[in-house]
Amino acid sequence: MSQRAGMTTDRIVAAALDELDDSGLDALTMRRVATRLGVQLNTVYWHATGKPALLDLMADALLTGCDRPPLPPAWPDRLRVIATRLHDALLSRRDGARLLEVAHPDGPRWHSLIESLAGAATTAGLDRTGAATAARLVVHAVTGMVRDHGLGRTTVDDVRLTFALDVLVDGIAARVPASAAQRADDDLARRLRPPPPATRRPRGSGRPPPPARPATED
């Protein structure tokens, strides 16, 4: 069996992320990934046509779980949870933020992340264009924060992240017309409202009345 037949794209991406941890983004090469896997270079090229394509796959894999359910129903909390998971995902790998900046991810995890963030902004009352812009703004803000402080998470990072997300949430809320904001609040209240208690009908209720007896002559 050829090396190519026993290899998968997921295995190559996982090895590339491990190589990223060891070598950093600048030193990462297709040949280093092949050496780590113990395969020929053309096996890696079979799954990724070059380093840019490999970086795209790596960036998409890095976003795994950022918008996994369950998510809070209130849009500010939902946005904060997704953004915090993104923050942690980028911190989990050396040069994770730089990877997301230089790559052009177009995989399912990237699209799911953007749709989830945009969905939170839509729930707030923004139109589709505004929500899409807000989603990318959140990603850029979080990515920039991680790039600035590098690997590892500290209490100071948590404070900065909380402040940045508060500013983003307040900015989205400020762009929402009052009527749309009220509709969003009403919709959330309806979803959080407990269902009415079930009522038991009296025995025999719902049964058809017995047929009338025909009149008899005396």
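Let's start with Arg147. Its relative accessibility is 41%, so Arg147 counts as partly exposed. Keep in mind that this is a predicted model.

What does Arg147 pair with? One partner is Glu101, in a salt bridge whose closest N and O atoms are 2.4 Å apart. This bridge ties together distant parts of the chain. Arg147 sits in helix α8, Glu101 sits in helix α6, residues 96-102, and 46 residues separate the two. Glu101 is partly exposed as well, with a relative accessible area of 38%.

Arg147 has another salt bridge, to the side chain of Asp148, at 3.5 Å from N to O. Is Asp148 buried or exposed? Asp148 is exposed: its relative accessible area is 55%, and the cut-off for exposed is over 50%.

Why do such pairs form? Side chains of opposite charge can pair when their charged atoms come close.

How many salt bridges does the structure hold? Twelve. Another one of them joins the side chains of Arg98 and Asp95, at 3.7 Å from N to O. Both ends are partly exposed: Arg98 has a relative accessible area of 29%, and Asp95 comes in at 24%. There is also a network of salt bridges, which links Glu19, Asp22, Arg32 and Arg36.

Back to helix α8. Take Thr143, which lies in this helix. Buried or exposed? Buried, because its relative accessibility is 3%, and the cut-off for buried is under 20%. What does Thr143 touch? Leaving aside residues up to four places away in sequence, Thr143 touches Leu90, Ala97, Leu100 and Glu101.

Leu90 takes us to helix α5. Thr143 and Leu90 both belong to the contact between α5 and α8. Helix α5 packs on helix α8, residues 128-149, at an angle of about 35°, and the axes are 10 Å apart. The crossing of α5 and α8 is right-handed. On the α5 side, the contact is made by Leu79, Ala83, Leu86, His87, Leu90 and Leu91. On the α8 side, it is Val138, Val139, Val142, Thr143, Val146 and His149. Which classes are these? Nine are nonpolar, three are polar, and none is charged.

Now the other partner, helix α7. Helix α5 spans residues 75-91, and α7 spans residues 108-124. These two pack at an angle of about 160°, with axes 9 Å apart. Over 145 degrees counts as roughly antiparallel, and α5 and α7 are therefore roughly antiparallel to each other. The crossing of α5 and α7 is left-handed.

Who makes this contact? From α5, we have Trp75, Arg78, Leu79, Ile82 and Leu86. From α7, we have Leu113, Ser116, Leu117, Gly119, Ala120, Thr123 and Ala124. By class, that is eight nonpolar, three polar and one charged.

Notice two α5 residues here.

To wrap up: α5 crosses α7 left-handed and α8 right-handed. And from α8, Arg147 reaches Glu101 in α6.

Note on methods. Residues are numbered from 1 along each chain as its sequence is written. This is a predicted model: local features need pLDDT of at least 70, side-chain atom pairs count only at pLDDT 80 or more; totals for chains, interfaces and linings use all residues. Side-chain values use heavy atoms; hydrogens and water are left out. Axes are lines fitted to C-alpha atoms, for helices over the stretch in contact, and angles run from 0 to 180 degrees between N-to-C directions. Helices (H or I, at least four residues) and strands (E, at least two) are DSSP runs, numbered from the N terminus. Angles under 35 degrees count as roughly parallel, over 145 as roughly antiparallel, 65 to 115 as roughly perpendicular and the rest as oblique. A crossing is left-handed if the near helix is turned anticlockwise from the far one by less than a right angle, and right-handed if clockwise. Contact means heavy atoms within 4.5 Å. Ala, Val, Leu, Ile, Met, Phe, Trp, Tyr, Cys and Pro count as nonpolar, Asp, Glu, Lys and Arg as charged, and the others, Gly among them, as polar. A salt bridge is a side-chain nitrogen of Lys or Arg within 4 Å of a carboxyl oxygen of Asp or Glu. Buried means under 20% relative accessible area, exposed over 50%, partly exposed in between (1.4 Å probe, protein chains only).
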